[in-house]
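Please keep the sequence and the structure in view while reading.

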Amino acid sequence: MLLSTFHLTVIVVLAIQLFYYVLFFIATPKRRKKDRSVQPSIATSILIYVKNKAEELKKNLPFFIEQQHDNFEIVLVDHSSTDNSLEVIESFQQKHTNIKVVKVENKENFWGNKKYALTLAIKAAAHQCILISDINTKPTSKLWIDHMTKDISNIKTIVIGHQTSSVKKYTFSHLFISFFNVINTIKTFTTLKLGFPHKASSTNFAFLKEEFFKVKGFISHIDIPHGECDLFLKEAATSKNTVFSIDNNSFVNNEQLNTLALFFKEQKKQANLFAHYSLKSRFLIAFFNFSKVLYYLLISFLFFLNWKIALLALLLYFIIQYSFTGKTISLLKEKKVFYFLPILDILYAITLIGSFITNRFNTSVENR
């Protein structure tokens with residue numbers, strides 16, 4: 001009787017995971033056929049937050065400057081940098097008239113607050129369309145602005161972009177980070193499809209000013225030192241006014257995703273931010289993670305009881321994964337993770353366990 005209950009539990013948990021992967025598959029947006037008609041470009045203000053990033057400015061700012069867009073400005077937000085970031089910005093500004101600098105001094109009530117600095121920059125932006133990025137990233141195409149803003153209209157006022165972590169030489173740690181990024185993007189697809197989008201990358205995010213001021217900007221979460229785009233999304237976004245850009249030309253490459261140290265630091269922030277997501281988002285994501293971990297734990301125990309059945313159940317699970325995530329992996333140009341999917345997924349489950357234990361004992365998070 002006990003053994004039958006155990007086998008039934010394995011089947012139920014597998015069914016839950018199957019439901020999730022089917023849901024993920026349905027939620028993944030379809031890439032539209034190329035539109036040959038000429039679309040008028042929308043005047044855009046690119047916002048880039050800078051704090052002690054002199055070398056990154058020299059390296060990555062040219063990728064933003066060389067964008068082939070009819071009308072755009074680059075608003076560089078220098079937040080009390082103590083290195084020579086401001087001098088580097090001013091040197092670029094002398095050569096390019098569409099570069100604007102917003103100098104932000106630390107205020108007693110908003111000491112070191114990135115959201116305060118970004119709010120000043122949004123107010124100073126000349127255009128209604130705001131495109132937020134990061135100086136640690138670079139657009140993967142000279143048509144990045146065009147493709148990130150082409151869906152902006154009176155109806156679609158928010159665009160969530162994708163960030164990649166492509167490098168010339170892949171290591172297994174980089175493959176794992178890429179896989180983690182793919183899974184998080186799939187979750188974003190799903191919550192957006194269901195009407196309660198929960199996550200937007202602060203490296204690739206576009207919206208109209210009116211949406212920002214409609215929810216009074218970041219004021220409701222100004223005391224939370226991170227999650228500016230996620231928490232703004234929670235208040236302003238719906239399935240009707242928000243779209244995810246799946247076009248490869250709209251991607252950015254985030255260099256910070258290339259090292260495990262920075263990756264785990266970012267995951268620590270996300271874990272602390274999780275409590276501020278909507279109840280629906282938290283339930284959907286937590287139940288997926290929990291059922292995945294539980295399935296691997298049950299399969300591990302099943303190997304001691306009957307290794308043949310356990311192996312068959314594990315193979316069935318991986319077939320489900322390959323069938324329902326292959327489309328998304330291809331769309332996101334992350335095919336490299338496809339070949340190591342079983343190993344990466346097991347490591348993903350182990351990471352979830354480790355993160356849960358770590359955050360139970362340490363809830364502090366470093367300010368960005």
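The lining of the largest cavity comprises 5 nonpolar, 2 polar and 1 charged residues. The model is a predicted one. The residues that line this cavity are Tyr-20, Phe-24, Lys-187, Thr-190, Thr-191, Leu-284, Ile-285 and Phe-288. Helix H1 (2-27), H6 and H10 are the elements that give two or more residues to this lining. The volume of the largest cavity is about 40 Å³, and the structure holds 3 cavities of 30 Å³ or more.

| Helix pair | Angle | Axis separation |
|---|---|---|
| H6 (residues 172-193) and H10 (residues 279-305) | about 140° | 11 Å |
| H10 and H11 (residues 307-331) | about 150° | 7 Å |
| H2 (residues 54-65) and H3 (residues 85-95) | roughly 25° | within 9 Å |

**H6 with H10.** At an angle of about 140°, H6 and H10 are therefore oblique to each other. The crossing in which H6 passes H10 is right-handed. From H6, the residues in contact are Ile-183, Lys-187, Thr-190 and Thr-191, and they meet Ser-281, Leu-284, Ile-285, Phe-288 and Asn-289 of H10. By class, this contact has 4 nonpolar, 4 polar and 1 charged residues. Lys-187, Thr-190, Thr-191, Leu-284, Ile-285 and Phe-288 belong both to this contact and to the lining of the largest cavity.

**H10 with H11.** H10 also packs against H11, at an angle of about 150°. Angles over 145 degrees count as roughly antiparallel, and H10 and H11 are therefore roughly antiparallel to each other. On the H10 side, the contact involves Lys-292, Tyr-295, Tyr-296, Ile-299, Leu-302, Phe-303 and Leu-305. Their partners in H11 are Trp-307, Ile-309, Ala-310, Leu-311, Ala-313, Leu-314, Tyr-317, Phe-318 and Gln-321. The residues of this contact divide into 14 nonpolar, 1 polar and 1 charged.

**H2 with H3.** The axes of H2 and H3 cross at roughly 25°, and the two helices are therefore roughly parallel to each other. H2 passes H3 in a crossing that is right-handed. Ala-54, Leu-57, Lys-58, Leu-61, Pro-62 and Ile-65 of H2 are in contact with Ser-85, Val-88, Ile-89 and Phe-92 of H3. In this contact, 8 residues are nonpolar, 1 is polar and 1 is charged.

How values were computed:
Residues numbered from 1 in each chain as written. Predicted model: local features only at pLDDT ≥ 70, side-chain atom pairs only at ≥ 80, totals over all residues. Heavy atoms only, no water. Axes fitted to C-alpha atoms, helices over the stretch in contact; angles between N-to-C directions. Helix = DSSP H or I, 4+ residues; strand = E, 2+ residues; numbered from the N terminus. Parallel < 35°, antiparallel > 145°, perpendicular 65-115°, else oblique. Left-handed = near helix turned anticlockwise from the far one by under 90°. Contact = heavy atoms within 4.5 Å. Nonpolar A, V, L, I, M, F, W, Y, C, P; charged D, E, K, R; others polar. 1 Å grid on protein atoms, 1.4 Å probe; cavity = no way out; pocket = protein on both sides within 12 Å on 5 of 7 lines; lining within 4 Å. Points joined across faces, edges and corners; volume = space filled by probe spheres on them.
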